[in-house]
Amino acid sequence: MQYGREGGPRSEPDPHPLDAVIWRALTGVQEHLAEGDERARRYPAAIAPFAATMDTEPASFRSLMALVSGDDQIALFTTEVLAPPPAFSVIRGDSVDQMVLQDAEAYAAQPGAPIVALGVDDVPEMLALASVTQPGPFGPRTIELGDYIGIRQRGVLVAMAGERMRLDGFTEISAVCVEPGYRGHGFAVDLVRSLLSSIAARSEIPFLHVFSSNHAAIALYRKLGFVLRRRMHLAVLVRADAGVVRATDEPGAGLGV
């Protein structure tokens with residue numbers, strides 16, 4: 001307990017909601033998508049691999065274990081390096097920059113290419129594009145998380161971006177990717193600026209996650225008005241009895257995680 005000048009207890013400042021971003025999303029705006037209980041929650045595997053616990057107590061990890069079957073993989077964002085109990089194996093650990101939009105003028109520019117809304121019928125093309133560009137986890141139901149937009153050239157989807165985790169006052173931008181043959185045309189910038197505009201219209205703050213080693217993506221996001229809020233830690237976990245080999249620590253080719 002800390003005390004103020006008058007000798008009374010001094011309360012600690014409330015943690016930032018983005019410090020526990022996955023937990024706050026799954027117990028708030030996106031609670032309708034959550035699997036789990038009051039101690040551990042996750043998104044359905046077909047939507048995203050992300051999960052979180054209420055705290056680091058053994059009971060919370062037991063609840064988390066109940067949400068993981070076979071060789072299923074779950075990903076956690078934490079403010080400190082995670083040391084899970086022996087029932088879990090960490091198959092990948094990495095450093096992730098959590099960035100928030102600071103420059104409100106960044107979304108004012110008009111896009112140079114026609115942007116289209118993407119829906120369920122576009123999912124096969126979106127999965128194919130994600131497979132080529134590796135922008136971070138993208139599954140057959142990821143589109144349920146928010147609005148997704150794209151750019152087509154000659155009828156083919158060559159770039160996309162969308163909304164992923166949402167919590168009160170904040171929306172995450174994710175799945176920002178461009179087919180290799182169409183890079184250099186500013187498509188990623190156009191898509192992100194369009195999302196920034198729609199998120200800001202809801203009086204929410206845009207944020208995103210990017211591997212700390214992905215310097216090119218970080219430089220792009222800084223130009224778009226994003227700043228580092230804090231460095232987070234990614235831990236990809238599997239059941240220790242699953243026999244899954246440790247994943248590579250090399251980030252994907254995309255612009256996020």
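User: How many strands form the open sheet with the order 3-4-5, and how is its pairing read?

Analyst: Strands of a sheet pair through backbone hydrogen bonds, either parallel or antiparallel. Here 3 strands form an open sheet in the order 3-4-5, and the pairing is antiparallel. Strands are DSSP runs of E with at least two residues, helices are runs of H or I with at least four, and both are numbered from the N terminus. Two strands pair if DSSP finds at least two bridges between them. Strand 3 (35–36) and strand 5 each have a single partner strand, so one side of each has no neighbour in the sheet. Strand 4 (residues 40–42) is joined to strand 5 by 3 bridges, and Arg42 stands opposite Ala51 in strand 5.

The model is predicted: local features need pLDDT of at least 70, side-chain atom pairs count only at pLDDT 80 or more, and totals for chains, interfaces and linings use all residues. Residues are numbered from 1 along each chain as its sequence is written, and side-chain values use heavy atoms, with hydrogens and water left out.

User: What is the strand order in the open sheet of 8 strands, and which strands are its edges?

Analyst: The order is 6-13-7-12-11-10-9-8, with mixed pairing. Strand 6 (74–78) and strand 8 (116–118) are the edge strands, each pairing on one side only. From one strand to the next, the twist averages 35°; axes are lines fitted to C-alpha atoms, for helices over the stretch in contact, and angles run from 0 to 180 degrees between N-to-C directions. Within this sheet, strand 10 (residues 156–167) and strand 11 (residues 170–178) pair in the antiparallel sense over 6 bridges. Ala159 has Val178 in strand 11 as its bridge partner.

User: Which helix lies across strand 10?

Analyst: Helix 4 (residues 187–201) does, running at about 35° to strand 10. Helix 4 also lies across other strands, including strand 7 and strand 12 (205–211).

User: Why does Gln98 count as buried?

Analyst: Buried means under 20% relative accessible area, exposed over 50%, and partly exposed in between (1.4 Å probe, protein chains only). Gln98 counts as buried because its relative accessibility is 0%. Gln98 lies in strand 7 (residues 88–101).

User: What does the side chain of Gln98 reach at 3.0 Å?

Analyst: A polar contact is a pair of N or O atoms within 3.5 Å; within protein, one must be able to donate a hydrogen and the other to accept it, and residues adjacent in sequence count only if both atoms are side-chain atoms. The Gln98 side chain reaches the backbone oxygen of Leu18 at 3.0 Å. A polar contact of 3.0 Å also joins the side chains of Gln98 and His209.

Key
Contact means heavy atoms within 4.5 Å.
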